[in-house]
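I opened this notebook to keep track of what I looked up, one topic at a time. The entries below follow the order in which I went through the model.

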Amino acid sequence: MNKSRLEAFSDGVIAIAITIMVLGVQIPQGAALEDLWRLMPPLLSYLLSFVYVGIYWVNHHHLLQAATGVDRRVLWINLHLLFWLSLLPLVTGWVAHHHRDSLPVACYGVVLLMCSVSFLLLKRALRHSEAGHPLRASVIGQGRKNLFSILFYALAIPLSLPSPLGATFIYVVLALLWFLPDHRFEQLRD
């Protein structure tokens, strides 16, 4: 199947998720710096979620560029990923106003965990669909960074019960980890 509809639909869902998140950020009530300072937790929550959505968008783009096509399995798994990404605005807003509370931080972690699981499933489905193209399949990869992330999200969620800020620290570190470039995709630029 042609992958262009999948890419367009995914881009649309991701753009809507970002739009909903930014609409959740309130305008300062006054013109003083302290009014802006009061909005720091929601702004930082938005920033972290924006970074995560951006990471998924960039990596989704690279994965689909490496694939020659998509099959029904890839379509369904992609919808699974988009479902979890579409929940990021909800948990972002919750954490923005309750960043020191365990349940919102744990739920944020559950959504990040499921996004990572879904992305790993998508990666594996695309790798399977490219089995006839060994170079493309190897570029798509095994998902080691995904597995590492899943492990640390799974550790951060229960950590959020005694230490919501400790769990948030893990979420930030994992986001930074994904900024490390994956040079395998450059093999296909011929």
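Predicted model: local features only at pLDDT ≥ 70, side-chain atom pairs only at ≥ 80, totals over all residues.

**Entry 1**

**Entry 1: salt bridges**

I asked how many salt bridges the structure holds, and I found that there are 2.

Is Asp35 buried or exposed? With a relative accessibility of 12%, Asp35 counts as buried, because the cut-off for buried is under 20% relative accessible area. Glu34 has a relative accessible area of 52% and is exposed, and Arg38, at 54% relative accessibility, counts as exposed too.

**Entry 2: helices α3 and α9**

My next topic was the packing of helix α3, which covers residues 40-66, against helix α9, which covers residues 164-177. The angle between them is about 35°, and their axes are 10 Å apart, while the crossing in which α3 passes α9 is left-handed. Which residues make the contact? On the α3 side I listed Leu48, Val51, Tyr52 and Ile55, and on the α9 side Tyr171, Val172, Leu174 and Ala175.

Val173 also lies in helix α9, and I looked it up separately. Val173 counts as partly exposed, at 37% relative accessibility. Along the sequence Val173 and Tyr46 are 127 residues apart, and in space I noted 16 Å from C-alpha to C-alpha.

I looked up which residues make the nonpolar surface patch of about 340 Å², and I wrote down Phe9, Trp76 and Leu79. Of these I followed up Trp76, which has its place in helix α4, residues 72-86. The relative accessibility of Trp76 is 55%, so Trp76 counts as exposed, the cut-off for exposed being over 50%.

Ser4 is partly exposed, with a relative accessible area of 40%, and Ile20 counts as partly exposed at 46% relative accessibility.

I then checked one partner for each of them. Ser4 and Val70 are 66 residues apart in sequence, and their C-alpha atoms are 9.4 Å apart in space. For Ile20 and Leu88, which are 68 residues apart along the chain, the C-alpha atoms are separated by 9.4 Å.

**Entry 3: Ser129**

Ser129 has its place in helix α6, residues 102-129, and counts as partly exposed at 27% relative accessibility. What is Ser129 in contact with, leaving aside its neighbours within four places in sequence? I found Gly69 and Asp71. I also noted the pair of Ser129 and Gly109, which are 20 residues apart in sequence and 30 Å apart in space, C-alpha to C-alpha.

Conventions: Residues numbered from 1 in each chain as written. Heavy atoms only, no water. Patch = residues over 30% accessible without salt bridge, like charges linked within 9 Å, V, L, I, M, F, W, Y side chains within 5 Å. Areas by Shrake-Rupley, 256 points an atom, 1.4 Å probe, with all protein chains shown as cover. Salt bridge = Lys/Arg side-chain N within 4 Å of Asp/Glu carboxyl O. Helix = DSSP H or I, 4+ residues; strand = E, 2+ residues; numbered from the N terminus. Buried < 20%, exposed > 50% of the residue type's maximum accessible area, 1.4 Å probe, protein only. Axes fitted to C-alpha atoms, helices over the stretch in contact; angles between N-to-C directions. Left-handed = near helix turned anticlockwise from the far one by under 90°. Contact = heavy atoms within 4.5 Å.
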